[in-house]
Amino acid sequence: MILTCPSCGATASACAWENDIIAREAMQAIIALPAPVAKVTLGYLSLFRPTERATTWKKVKKVVGELSALIAPGYVQVQGKPARNCPPQLWAAGIEQMVERSATLTRPLPNHNYLRQIVWQLADQADAKQEQHQRKGEVNGVLRHRTSSDDEMSPIMLKYLELHGDDHAE
């Protein structure tokens with residue numbers, strides 16, 4: 001891959017940029033992202049590039065650091081909506097959707113808010129499917145809703161389970 005220096009316009013291979021401290025740190029930050037996200041990050045970074053010039057390594061490092069901070073907690077939060085569990089696969093899917101829509105986006109992107117909205121929707125859909133599966137299982141008797149009070153069952157219930165088993169438990 002040939003890269004262009006945003007300061008002087010020099011071009012060189014990616015290997016040559018390894019000598020630049022900020023470029024090296026930016027590449028290391030990309031590699032440190034969870035695998036599904038790292039695979040799609042370069043396309044996402046292109047959305048932060050102004051159309052008339054190259055992106056600086058400093059900007060790449062900043063954007064990747066912000067992306068890493070969004071993914072790290074394991075959930076996604078959008079203002080006014082409840083937080084949703086969010087594994088790296090959903091972040092990668094959201095990035096892929098944005099890259100596919102890149103022709104319709106105004107570049108450069110100022111922040112990650114649009115990505116968060118897309119990922120929140122994906123996480124909300126995944127959460128709804130999981131809840132629906134759980135409820136179907138409970139209604140069908142395949143799954144039994146367990147609570148923390150299961151450990152504090154009455155002596156009668158414990159005796160019943162001892163005699164009859166817990167065949168319908170998870």
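Start by selecting Thr41, which sits in helix α3 (helices are DSSP runs of H or I, at least four residues, numbered from the N terminus). This is a predicted model, so to speak: local features need pLDDT of at least 70, side-chain atom pairs count only at pLDDT 80 or more, and totals for chains, interfaces and linings use all residues. Residues are numbered from 1 along each chain as its sequence is written, and side-chain values use heavy atoms, with hydrogens and water left out.

Is Thr41 buried or exposed? Thr41 has 1% relative accessibility, so it counts as buried (under 20% relative accessible area; exposed is over 50%, partly exposed in between, with a 1.4 Å probe and protein chains only). Its side chain reaches the backbone oxygen of Val37 at 2.6 Å. Now show what surrounds Thr41: beyond its neighbours within four places in sequence, it is in contact with Ile30, Leu33, Val64 and Leu67 (contact means heavy atoms within 4.5 Å).

Next, select α3 (residues 35-45) and helix α4 (residues 57-71): they pack at about 135°, with axes 11 Å apart. On the α3 side, pick Val37, Thr41, Tyr44 and Leu45, which meet Val60, Val63, Val64, Leu67 and Ile71 in α4.

The axes are lines fitted to C-alpha atoms over the stretch in contact, and angles run from 0 to 180 degrees between N-to-C directions. Residues to pick here include Val40 and Gly43 of α3 and Trp91 and Ile95 of α5.

Note on methods:
Helices (H or I, at least four residues) and strands (E, at least two) are DSSP runs, numbered from the N terminus. A polar contact is a pair of N or O atoms within 3.5 Å; within protein, one must be able to donate a hydrogen and the other to accept it, and residues adjacent in sequence count only if both atoms are side-chain atoms.
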